[in-house]
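Dear colleague,

Please find the structure below, together with its sequence. My notes on what was found in it follow directly after.

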Amino acid sequence: MYIAAAVLSVLLALVSLAAGAPKVLLKGDVSAGLQSHMGLSAGFVRFIGLAEAAAAVGLVVGLFWQPLGIAAAVGFAVTMVGAIGFHAKVGDYANPETRGNAMAPGILALVAVATAVTLTLAM
């Protein structure tokens, strides 16, 4: 079970860091889209990016101390649930052009829950 937990943790950490770093730096299309399309402030976008980057660190450290990894995975899942709410609020799930990108937080939330469960079972 530990191998599955490690693989999920590393993959989720890589995705989380790749998603969070541009938001922290306010670079790229995603950060611009969050500000223009969703109406989020630059400070809130940075906060989201910091939360995602912190989750990446917590997931990696959590390989050696599982309680931190579990907390990081649960925190990342909560962040993704918030993202689902924002996508729903702006109507991304009803629009065929934006629906594909809006599905990513749901998939990542499921992966985060699976990571938390496998880390718990590996203890």
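Helices (H or I, at least four residues) are DSSP runs, numbered from the N terminus. This is a predicted model, in which local features need pLDDT of at least 70 and side-chain atom pairs count only at pLDDT 80 or more, while totals for chains, interfaces and linings use all residues. Residues are numbered from 1 along each chain as its sequence is written, and side-chain values use heavy atoms, with hydrogens and water left out.

I begin with the surface. Leucine 11 belongs to helix α1, which spans residues 2–25. With a relative accessible area of 49%, leucine 11 is partly exposed (buried means under 20% relative accessible area, exposed over 50%, and partly exposed in between, with a 1.4 Å probe and protein chains only). Together with Ile3, Val7, Val10 and Leu14, Leu11 makes a nonpolar surface patch of about 480 Å². Such patches are made of residues with over 30% relative accessible area and no salt bridge; like charges are joined within 9 Å, and nonpolar side chains (Val, Leu, Ile, Met, Phe, Trp, Tyr) within 5 Å. A salt bridge is a side-chain nitrogen of Lys or Arg within 4 Å of a carboxyl oxygen of Asp or Glu, and the areas come from the Shrake-Rupley method with a 1.4 Å probe, only the protein chains shown counting as cover for residues.

Alanine 5 also lies in helix α1, but counts as buried, because its relative accessibility is 0%. Leaving aside residues up to four places away in sequence, alanine 5 touches Leu63, Thr118, Leu119 and Ala122, where contact means heavy atoms within 4.5 Å. The C-alpha atoms of alanine 5 and alanine 122 are 7.2 Å apart, although 117 residues separate them along the chain.

The largest nonpolar core has 17 residues, of which Leu12, Leu59, Phe76, Met80, Leu108 and Ala112 touch the most other members. A nonpolar core is a set of buried Ala, Val, Leu, Ile, Met, Phe, Trp, Tyr and Cys residues joined through side-chain atoms within 4.5 Å. Two or more residues of this core come from each of α1, α3 (42–61), α4 and α6 (104–121), and α4 gives the largest share, six residues.

Methionine 80 sits in helix α4 (residues 66–89) and is buried, with a relative accessible area of 5%. Not counting residues up to four places away in sequence, methionine 80 touches Glu52, Pro105, Leu108 and Ala109.

Yours sincerely
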